[in-house]
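Have the structure open as you read.

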Amino acid sequence: MLMPAGSSALYEKRKGVYPKAVDGFYRRLKWAIMAVTLAIYWGTPWLRWDRGPYAPDQAVLIDLAHRRFYLFAIEIWPHEFYYVAGLLIMAGIGLFLVTSAVGRAWCGYACPQTVWTDLYQHVERFIDGDRNAQIRLAKAPWSAAKIARRFAKWAVWLAIALATGGAWIFYFADAPTLQHAFWHGTAAPVAYATVAVLTATTFVLGGFMREQVCIYMCPWPRIQTAMLDEKSLVVTYKDWRGEQRGSVKKAQASPDLFGDCIDCNQCVAVCPTGIDIRDGAQVGCITCALCIDACDKVMAQVGRPRGLIDYCTQEDAEAEKQGAPPRPVLRTLLRPRTLAYAAVWLSIGAAMLFALGARTRIDIAAQQDRNPIFVRLSDGAIRNAYMVKVRNMEARPRPVTVAVDGLPGAMLWTDAMPRGQASATVTATVPADSVAKLRLFIAAPAPGPQRQDFAFTVRATDREGGGDREPARFERP
């Protein structure tokens, strides 16, 4: 659609961002975190954990087919989903804690978009060269050399994206088995669809949309404003020290007129989102601190103290403007808000650990047959029928004894045995990591209340023991 004369476009065309390579403390920290996070992501599905002959030996497995979640020695059943909810709550509170303490450090160091974009940028530098070479190549006309570089770079990006999507499906099935089936074309269609979607999104988001994801697509930059306050550590340009900007020669000629910033634009050149930190706090700043590395290097070269760009709180920035010395980082982090977040985070974690340690590995559930509610037997006794489910959450078969409590004179038997073998208890063996269904009949003397509350009890008879009880109701005429 043609725009009317004198009007402006509804959006600004994307300007290419070509971050310059830089070395320093924060760059090396990003290298270390990238290596650790990628190793965890790609390596975890291949870790083994011996759970015995009746359970899978993959250390981390989301077994949707059997509705189980395995995390090393921990096994989560569907009815224990609150543990997963607890982990998600801890992740959210942990994100709030990090943001309130050090701003968008998650975005700058450990966010998957940041990690894969960083990896893609290193590949790009290896093939196309550093910032200036990339800019020249982007402006150059298409030629055989340019096409070859583009295809080489995209091929490596695509291989990384394929490995990313391929690793994800291994969390949902036995990794060696699924890998063999995947490459032989016998895996489930959903596996190929998942890999295709994740490969495409990784390739596009990490290779071509990079800073646009952080600035426009991700909601966290907007949410973080509620988490930050004047005591949060963020990457800050100390304008009271840097302004007015000027070259070294100008500063030497008029030292009273110029600050420490020599306007070299290195902080802009290394920024992965292409912002100028000297313009103040911006939604595009992911707190990766590469601008600190670049600025510190320049300050060292011109013989000026480091820290013109540094992690600093708004409160400390105001104090430093008045001549106060910088405050130690530890004192900045240990404040009521961060301590409160940490206390809540630790409390939830401790509660989950206690619940994991105290949970029973065997339980029982019962449902009464409603048609008919009761049957009068030939000897005058009243019979009720129930579907009883005994759940064994151990990776081995377990012998159990089912009984009733609170129903005097009651006798039990199953639909697989004659009433003549009825007794006060019923024994069964529950297979490993499964639920055994028992159709139980209970006969009790006819004299008694019309509705009598009692409880089914289950007790494991192996060395480990343990048990559970389930309330129920016995009906009479």
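A pocket here is an open set of grid points, on a 1 Å grid over the protein atoms alone, with protein on both sides within 12 Å along at least five of seven lines. Its volume is the space filled by probe spheres set on those points. With that in hand, let's look at this model, which is predicted.

**Overall build**

- The protein has 16 helices and 14 strands.
- Its radius of gyration is 33 Å, well over the 23 Å that the globule rule gives for 477 residues, so the protein is more spread out than a compact globule.
- The C-alpha trace covers about 115 × 60 × 55 Å along the principal axes.
- Of the 477 residues, 43% are buried.

**The largest pocket**

- This pocket holds about 1,100 Å³ of space.
- Its lining counts 29 residues, and those nearest the centre are Ile62, Phe69, Leu87, Leu88 and Trp168.
- By class, that lining has 24 nonpolar residues, alongside two polar and three charged ones.
- Helix H2 (81–102) is among the elements that supply at least two lining residues, as are H1, S1, S2, helix H3 (105–110) and H4.
- H2 gives the most, with five residues.

**The second largest pocket**

- Here the volume is about 600 Å³.
- Among the 28 residues lining this pocket, Val234, Val235, Thr236, Gly280 and Ala281 are the closest to its centre.
- Two or more lining residues come from each of helix H9 (220–227), strand S4 (234–237), helix H10 (239–242) and helix H14 (314–321).
- The lining of the second largest pocket divides into 12 nonpolar, 10 polar and six charged residues.

**Enclosed cavities**

- Searching the whole structure turns up three cavities of 30 Å³ or more.
- The largest cavity has a volume of about 150 Å³.
- This cavity is lined by 18 residues, with Thr114, Thr117, Gln121, Pro272 and Ile286 closest to its centre.
- Helix H1 (25–43), helix H4 (112–128) and helix H8 (189–217) are the elements that each give two or more residues to its lining.
- H4 gives the most to this lining, with six residues.
- The lining of the largest cavity comprises six nonpolar, five polar and seven charged residues.

**The three-stranded sheet**

- Three strands form an open sheet in the order S1-S2-S3, and the pairing is antiparallel.
- Strand S1 (60–63) and strand S3 (74–76) each have a single partner strand, so one side of each is left without a neighbour in the sheet.
- On average, neighbouring strands of this sheet are turned by 10° against each other, direction ignored.
- S1 pairs with strand S2 (residues 68–71) over four bridges.
- Ile62 sits opposite Phe69 in S2, and both residues are also listed among those nearest the centre of the largest pocket.

**The four-stranded sheet**

- Another open sheet runs in the order S11-S9-S13-S14, again with antiparallel pairing.
- Which strands lie at its edges? They are strand S11 (425–430) and strand S14 (467–475), each pairing on one side only.
- Strand S9 (residues 398–405) pairs with strand S13 (residues 451–460) over six bridges.
- Val400 has Ala460 in S13 as its bridge partner.

How values were computed. Residues are numbered from 1 along each chain as its sequence is written. This is a predicted model: local features need pLDDT of at least 70, side-chain atom pairs count only at pLDDT 80 or more; totals for chains, interfaces and linings use all residues. Side-chain values use heavy atoms; hydrogens and water are left out. On a 1 Å grid over the protein atoms alone, a cavity is a set of points where a 1.4 Å probe fits but cannot get out, and a pocket is an open set with protein on both sides within 12 Å along at least five of seven lines; lining residues have an atom within 4 Å of a point. Ala, Val, Leu, Ile, Met, Phe, Trp, Tyr, Cys and Pro count as nonpolar, Asp, Glu, Lys and Arg as charged, and the others, Gly among them, as polar. Two strands pair if DSSP finds at least two bridges between them. The radius of gyration is taken over C-alpha atoms; the globule rule is 2.2 Å times the number of residues to the power 0.38. Buried means under 20% relative accessible area, exposed over 50%, partly exposed in between (1.4 Å probe, protein chains only). Axes are lines fitted to C-alpha atoms, for helices over the stretch in contact, and angles run from 0 to 180 degrees between N-to-C directions.
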